[in-house]
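This report describes the strands, the core, the ligand shell and selected residues of one model. Please read it beside the sequence and the coordinates.

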Amino acid sequence: MNAKSDARETLQKLWQPGCDFLGSEVAVLGGAMSWVSERNLVSAISNAGGFGVIACGAMSPERLEEEIVATQALTKRPFGVNLITMHPDLERLVDVCLAHKVTHVILAGGVPSSAIIRRVRDGGARAVGFAPALALGKRLVKMGIEALVIEGSEAGGHVGPVSLTVLAQEILPHLRDVPIFVAGGLGRGDAVVSYLEQGAAGAQLGTVFAASQESIAHENFKKSFLRANARDAVTSVQLDEQFPVIPVRGLSNAGTRQFLKHQAETIRRFQNGELNKEDAQLSIEHFWAGSLRRAVIDGDVENGSVMAGQSVGMVKEIRPVSEIIAGLVEQAVEAIEKREQRIHVS
Ligand SMILES: Cc1cc2nc3c(=O)[nH]c(=O)nc-3n(C[C@H](O)[C@H](O)[C@H](O)COP(=O)(O)O)c2cc1C
C-alpha cells in the first residue's frame, strides 16, 4: 500500500462513526440553510456521497411534505430535515417527516423537549440536536438525542458566542457517547481532519454549499460570496442591552448599516416616550423579517440579509457539489499524508 491509500484508509477510520450514523459515504453534512437548502441542493449533496439537510424554517407541514417528496424523487440516498423547535406546528412537522420515512430529524433553534425527541425516535428516525456548551450537550444526550452538532461562532446564520476551536476543546474530549459533528468556518478538508483527530465524527458545512452550482440562491447572492473576504462576514450589532439583538452572521451591506440606524432611531423614540418598550423591541426584531428571502431568492444583496460564515473567504468559484465534496476529501487525505511524512522525517 502506498502513502496515499494509507491516508485514505485513515480518513475512513476517523469518520466511519459519522458515516455509519448518517448512512452516507463521507461524513459531511450540508448544514440546513433557510431558502437555500431545498430539493436541488439537498439531493445534490446526498447524491455526491454527503448528507443533505432540508431547512424547514417557517414552512407549513404541507409545504414541508411537498419538499420531502420532491427531494426523494431526486435522490435514493438518506437526507435529513432541520426543524426549528419554536415552530408552532412542530409535532405535525415531525409527523410529516416520519410519514415519509425521513431518516434523520435535526432539532435546531433551542432545546427540544423530551417528548419531541421521543416522538422522532419512536417514529423510527434518528434525533440530532445542537450543543452550544458541554452541560447542555450532556443534558441532550440524557434526554435521548442520538448525535450532536457543535457550531462555532464562525458559522453563517444565527450563531452562539463561542468559536469552534474552543467549543471543540470544551466538548469533544468529554462527550464520547454520541457522534459529534463540527460546524462553523470550515472550508477545507485539512481543518475537518484536525477536528476528526480530536474526536469529531464528521463536519457540517453551509457557506461553501450555498455558493455551489446546484444551490438555487440568486446569482447576485453567489457573486457576493465570491467577492467577500472572511472579515466581511460579521455578526449583527446590538446598540443597547435593553433591546437584545439575536446575533446573526452575514455579509455587511446597506441593510446592516440601516439596521444600526433603525435601532438608534427606535431607541430614541422609546426614550422620548413615543414607543413603549415592547413595541420598540418588536420594531427591532421585525427589521429583518423576510430579508433572507430577499437576498437569496430576489437577489437584493444590498438590502437583504446575506447570511454567510467566515469561511466565505475560501469560496473562490462556483463549483458543482460533487467537486466541492471531492475537493474536501482530497485535502483531508493530503493533510493526513503530509502529517505522516512530517512524523517520519523527524
Ligand atoms: C444562508 C444561511 C442560512 C442558514 N439557515 C439556517 C437554518 O435555517 N437553520 C439552521 O439550523 N442553521 C442555518 N444556518 C447554519 C448552517 O446550517 C451551518 O451550520 C453553517 O452554515 C455552518 O457554518 P459555515 O457557514 O461556516 O459553513 C444557515 C447558514 C447560512 C449561511
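A residue is taken as buried if 20 or more other C-beta atoms lie within 10 Å of its own, as exposed if 12 or fewer do, and as partly exposed in between, with C-beta atoms placed from the backbone. The structure is a predicted model, in which local features need pLDDT of at least 70 and side-chain atom pairs count only at pLDDT 80 or more, whereas totals for chains, interfaces and linings use all residues. Residues are numbered from 1 along each chain as its sequence is written. Helices (H or I, at least four residues) and strands (E, at least two) are DSSP runs numbered from the N terminus.

**Parallel strands and crossovers**

Strand S3 (residues 80-84) is mostly covered, with four of its five residues buried. Two strands are said to pair if DSSP finds at least two bridges between them. Strand S2 (residues 51-55) runs parallel to S3 and is joined to S3 by three bridges; here Ala55 has Asn82 of S3 as its bridge partner. The two strands and helix H3 (residues 61-74) form a right-handed β-α-β unit. A crossover is called right-handed if, with the strands pointing away from the viewer, the path from the first strand over the helix to the second runs clockwise. S3 is also joined to S4 in parallel, by five bridges, and Val81 stands opposite Val105 in S4. The chain passes from S3 through H4 to S4 in a β-α-β crossover that is right-handed.

Strand S6 (residues 147-151) is largely enclosed by the rest of the structure, because five of its five residues are buried. In a regular strand the side chains alternate between the two faces of the sheet. Ala147, Val149 and Glu151 lie on one side of S6, Leu148 and Ile150 on the other, and all are buried, so that both faces are covered. Strand S5 (residues 126-130) pairs with S6 in the parallel sense over three bridges, with Phe130 opposite Val149. S5, helix H6 (residues 134-142) and S6 make up a right-handed β-α-β unit. S6 also runs parallel to strand S8 (residues 180-183), the two being joined by four bridges. Val149 has Phe181 as its bridge partner in S8.

**An antiparallel sheet**

Strands of a sheet pair through backbone hydrogen bonds, either parallel or antiparallel. An open sheet of three strands has the order S7-S11-S10, with antiparallel pairing. Its edge strands, S7 (157-158) and S10 (233-235), each pair on one side only. Two bridges link S7 to strand S11 (residues 248-251) in the antiparallel sense, and His158 has Val248 of S11 as its bridge partner.

**Core and ligand shell**

A nonpolar core is a set of buried Ala, Val, Leu, Ile, Met, Phe, Trp, Tyr and Cys residues joined through C-beta atoms within 7 Å. The largest one has 101 residues, and those with the most contacts inside it are Val81, Val105, Ile150, Phe181, Val182 and Ala203. Helix H14 (residues 321-345) contributes the most to this core, with nine residues. Domain 1 (3-217 + 312-337) and domain 2 (229-307) each supply at least three residues to the core; the domain bounds come from an automatic or database domain assignment.

Which residues come nearest to the ligand? Of the 27 around it, they are Gly31, Gly156, Gly157, Gly206 and Gly309; a residue is near if its C-beta atom, placed from the backbone, lies within 6 Å. Strand S9 (202-205) and helix H9 (207-210) each provide at least two residues of the shell.

**Selected residues**

Most residues other than glycine have a negative phi, and most peptide bonds are trans.

Gly184 is placed in the loop between S8 and helix H8 (189-197). Gly184 is buried, since 31 other C-beta atoms lie within 10 Å. Gly250, in strand S11, counts as buried with 27 C-beta neighbours inside 10 Å.
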